[in-house]
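Please work through the following exercises on side-chain packing and aromatic pairs.

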Amino acid sequence: MNDKLVKLNRPDAGVDLDLPLLEGSEGPDVFDISRLYRDSGMFTFDPGFLSTASCRSAITYIDGDQGVLRYRGYPIEQLAEYSDFLEVAYLLLYGELPTTQEYQEFSHIILHHTMLNQGLLRFFEGFNYDAHPMAMMVGMAGSLSAFYHDSLDINDPDHREICAHRMIAKMPTIAAATYKHNIGEPIIYPRNDLSYCANFLHMMFATPCEEYKVTPLAERALNLLFILHADHEQNASTSTVRLAGSSGANPFACVAAGIASLWGPAHGGANEAVIAMLDEIGSVRNIEKYVAKAKDKDDPFRLMGFGHRVYKNYDPRAKIIRSVCHEILNTQVNDNPLFELAMRLEEIALQDEYFVERQLYPNVDFYSGIIYRALGIPTTMFTVMFAIARTTGWVSHWMEMIGDPAHRIGRPRQLYVGHGKRDYPPRAQR
Ligand code: SDX
């Protein structure tokens, strides 16, 4: 137990408290305020949670000032260089990199849980052909809990593990099915002889009439994008999964809540919004106009893919993706005008005082859409790609929270600014 204390002294309010100071293994120390209300009758106030640690976690560490991102202590740059997505999924779930045998066993489990119950597949008949894929993802993920009554006891570690495996395994199958539904093609079943990423591309682009040949470069690019998007500490969607899970809700429903939160354009929906923004800007000669719009407080337009709550330096994931863009696009016949436009926009923005003084740099979403488009993935599927990868982070955080016997239901309070007590007036007198 840490014996460091911080004094909270407000004689006018009759408050003189010693708040325990807790130290983590890395990053800022925290004041433990869990007994503040009991001992002072006051709450803290932190809308948006800019200065609030919601939990203890050992999964991911971010240093926003240094542009550091580590999964279980391993730098994202090394995982991007040497690992693959299923190995990273194992690392996030279990805390250590797998041995060769552990990797083979885990891969076999995941790759043999990719099919969906036929009853689930019939759900697609109820969606409009033009339903947004994320709308279908929310519905399908939550509906998984209607099919696995045999493993929904969250207090049983084996049930928790099989739920995690099923979600990681089935998300690509559901995702590809949403795309096939949108284009009116039959759903393509997963194959057990393909890797996780190759299987997804197969389910996206094969048809009953023709196999799809996955290129090694596409498989490698997708592995990289899934690794980079796998987890990111207590972001909005992961915090949503934790809060939903804190009530004891089943993990499928919690992940559905996470997908809903990720969909927002301020979060995972940004990658789709970046491409729409670049398409709207259209040409380098329009950049100045749009940068001015982004700076204009009276204009709701923001430079999508720029800025981050935590990174006040370049998002390390954006740096990695940017370099892969060059490699992917160099294989294309014509140079990619979108990538040229994005690089020019970045260059102009990063020379502009408004972005510099607010420490607004490109984030993970700024370049990812360019690679997805180069892989033939439609813009409406970009956030779905993010959800496939982040499912691993969500289930890892859910497992960490539910596995902690000390976890409690999350129930924030508020600063009440509404009416004081008043009596009900008869309608005729209003
Ligand atoms: C992700 O949290 C995570 O880890 C998320 C994520 C993950 O892996 O889970 O990293 C994934 O969500 C990345 C972020 C994707 N979103 C976007 O690219 C959307 C565009 N960015 C902004 O909406 C914004 O930067 C946020 C939402 C990302 C961060 O918002 P904050 O931390 O609440 O910052 P803020 O809105 O308070 O902005 C601070 C200032 C404001 O100006 P002032 O009031 O100080 O004058 O910067 C301005 C903002 O107006 N600003 C921008 C801007 N982002 C912030 N101005 C123009 N364009 C922008 N993109």
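The model is predicted: local features need pLDDT of at least 70, side-chain atom pairs count only at pLDDT 80 or more, and totals for chains, interfaces and linings use all residues. Residues are numbered from 1 along each chain as its sequence is written, and side-chain values use heavy atoms, without hydrogens and water.

**Exercise 1.** Describe the largest nonpolar core and the surroundings of phenylalanine 200.

*Solution.* A nonpolar core is a set of buried (under 20% relative accessible area) Ala, Val, Leu, Ile, Met, Phe, Trp, Tyr and Cys residues joined through side-chain atoms within 4.5 Å. The largest has 124 residues, and Tyr196, Phe200, Tyr367 and Ile377 have the most contacts inside it. Its largest share, 13 residues, comes from helix α18 (residues 382-402); helices are DSSP runs (H or I, at least four residues), numbered from the N terminus. Beyond four places in sequence, phenylalanine 200 has contacts (heavy atoms within 4.5 Å) that include Pro172, Leu222 and Met385.

**Exercise 2.** Classify the pair of tyrosine 314 and tyrosine 361, and state what the pair ties together.

*Solution.* Rings of Phe, Tyr and Trp (its six-membered ring) pair if their centres lie within 6.5 Å; planes under 30 degrees apart are stacked, over 60 edge-to-face, the rest tilted. First, consider a pair within one helix. Tyrosine 90 and tyrosine 94 are four residues apart in helix α3 (residues 85-94), and therefore separated by about one helical turn. Tyrosine 90 is buried at 12% relative accessibility. Next, the rings of tyrosine 314 and tyrosine 361 have centres 6.3 Å apart and planes at 50°, so the pair is tilted. Tyrosine 314 lies in the loop between α13 and α14, and tyrosine 361 in the loop between α16 and α17, so the pair ties together parts 47 residues apart in sequence.

Methods:
Buried means under 20% relative accessible area, exposed over 50%, partly exposed in between (1.4 Å probe, protein chains only). Helices (H or I, at least four residues) and strands (E, at least two) are DSSP runs, numbered from the N terminus.
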